[in-house]
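Please keep the model open while reading.

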Amino acid sequence: MDGCDYIIVGAGSAGSVLAERLTLSGKHRVVVLEAGGSERRFFVNLPLGYGKLFYDPSVNWMYQTEPDPGLGGARDHWPRGKVLGGSSSINAMVWIRGNKADYEAWGAENPGWGWDACLAAYKAIEDSEAGGDAYRGKGGPLFISENRKGLHWLVEDYIKACGQAGLPYNRDFNGAEQEGAGTYQMTIKGARRNSTARAFLRPAMKRKNLHVITGAQVTRVIFEGKRAVGVEYLQDGVRRELRARAEVILSGGAINTPQLLQLSGVGPADLLAEHGIAVVMANDNVGAHLNDHQGINYTWRMKVATYNDILRPWWGKLFVGLQYFLTGGGPLAKSINHGGGFFRTRADLARPNMQLYFQAFSTLLPRAGERPLLTPDPFSGLSIGLSNCNPTSRGTIRIKSSDPLVHPEIKANAFSTAEDVAEMLEAVKYLRHIAAQPAFARYVAEELRPGPSVQSDADLIADFRARSGTVYHPSCTARMGAGAATSVVDARGRVHGVEGLRVFDASAFPSLIAGNTNAPSILMGWKGAELILEDAR
């Protein structure tokens, strides 16, 4: 299919959707280039199996940040999907769109990306188990589980404790209001992960006008003057070229996309000159504006059994394995986050600024090479996590070398603003307030992390700097906006200053969404395809 109409770089959350939508009519020939391989692996499809994927280089880019002063000088581990489905194949499967105000801000700068337009797109995407209504879609290609059945019984007590702390029950965080405590909707279907590879790409791969090439790492975009005409990629150690008659679309994500733009001559002029790369279009915003949610867990030893007690011993593993294979139920059929919520750290805030994650087990004791979700701690442990929704700290993605196989420099700059530090301090105090409520406290034996000795503001700040880290939502590094002075692409995804090149993925977010980023990444692919097809008429 050399000489195709469209080349899509990356078969992840956005790229898989783009491939399905652009080939639907049969009029356009599309090639997708994916650096990873097949998602048809046991631990990819097993919902709780994603702990095994955290440090698996066969499906994971395994990025590391630079030492971060905001995290006590630590390097943070950033898993990103290197597999069909991208990070939707290795994530925690939580389906959160974000807050209405997020999209109102997007639309204020980018026509067509406001709340009404994005809500309509989400409803078209979704096949909600709860059924369609004013906020949820029914009959779309992506099944969304309501996640009501088979939850650990302590979820109900967690929700009661939140209510006692002043945070009311919310049945649907994607509904009329985001604030409250409840259970998360999940991209799980039939006890298997419902990645974008499964929901979008695999059905589209049956079409003759779509060709997916795996094991193909794109090394640069080929330009003729200011126009993108194709890409160069490596496959099995062989350098190849592929040309596009219409456009090249980058969907590599918040790290790979700015890296590829910089390698291709689109980025900060001083950085490109440093690495001997000819400038096609100078733009200091490429790799800038990096924004990510930072999270921390508080952990307790419990007086009652948690999932630790069933998942840790060999006989428990045998039991939950048989339960999963015979009934499609049990802990293995769920994500780690059975419940959660959104809250405001101050009453004067217009909307929630913190997100909660309830986990009916604990993983304080590390295991080499994995996040030990399938082998948790050897005691009855439970964790509640939280993350900031709208952090003001910003980082950067910058190439370290002209060699495309060298990972870029990632500076997260976590907690680099006084606002983010103050907000997290308020949040961890509220988390303890929830845990102190009768519905939860009656089951607690002791607080393990950070522990009862950590009480002063200074100690709480030192603790969250030492123990916080990414919740895997990097965004905005090729942000969408009005012009090259502040952004990388316009409201139609077109890269400023060049032709034939677009970006649709989390890097193009105008700003970070308040919540998990897989849903808005899928939205990017869906609406991106609409815009491309409109412009092709």
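## Basis and fold

Helices (H or I, at least four residues) and strands (E, at least two) are DSSP runs, numbered from the N terminus. By that rule the protein has 14 helices and 24 strands.

The model is predicted: local features need pLDDT of at least 70, side-chain atom pairs count only at pLDDT 80 or more, and totals for chains, interfaces and linings use all residues. Residues are numbered from 1 along each chain as its sequence is written, and side-chain values use heavy atoms, with hydrogens and water left out.

## Size and packing

The radius of gyration is taken over C-alpha atoms, and the globule rule is 2.2 Å times the number of residues to the power 0.38. For 537 residues a compact globule would come near 24 Å; the protein has 22 Å, which agrees. Its C-alpha atoms fill a box of roughly 70 × 50 × 45 Å along the principal axes.

Buried means under 20% relative accessible area, exposed over 50%, and partly exposed in between (1.4 Å probe, protein chains only). Of the 537 residues, 64% are buried. Contact means heavy atoms within 4.5 Å. Among contacts with a separation of 6 or more, 69% join residues 24 or more positions apart.

## Aromatic pairs

Rings of Phe, Tyr and Trp (its six-membered ring) pair if their centres lie within 6.5 Å; planes under 30 degrees apart count as stacked, over 60 as edge-to-face and the rest as tilted. The structure holds 22 such pairs. Tyrosine 50 and phenylalanine 54 have ring centres 6.3 Å apart and planes at 40°, so this pair is tilted. Tyrosine 50 counts as buried at 1% relative accessibility. Phenylalanine 54 is buried too, at 6%.

Phenylalanine 173 and tyrosine 184 form another tilted pair, 5.4 Å centre to centre with 55° between the planes. Phenylalanine 173 sits in the loop between α5 (154-164) and β7 (180-183), and tyrosine 184 in the loop between β7 and β8 (188-189), so the pair ties together parts eleven residues apart in sequence. Both residues are buried. One aromatic cluster is formed by Trp95, Tyr103, Trp106, Trp113, Trp115, Tyr122 and Phe509.

## Arginine 220

Where is arginine 220 placed? Strand β11 (residues 216-224) holds it. Arginine 220 is partly exposed, with a relative accessible area of 32%. Leaving aside neighbours within four places in sequence, arginine 220 contacts Val231, Glu232, Glu241, Leu260, Leu263 and Ser264. Glutamine 185 is 35 residues from arginine 220 in sequence and 38 Å away in space, C-alpha to C-alpha.
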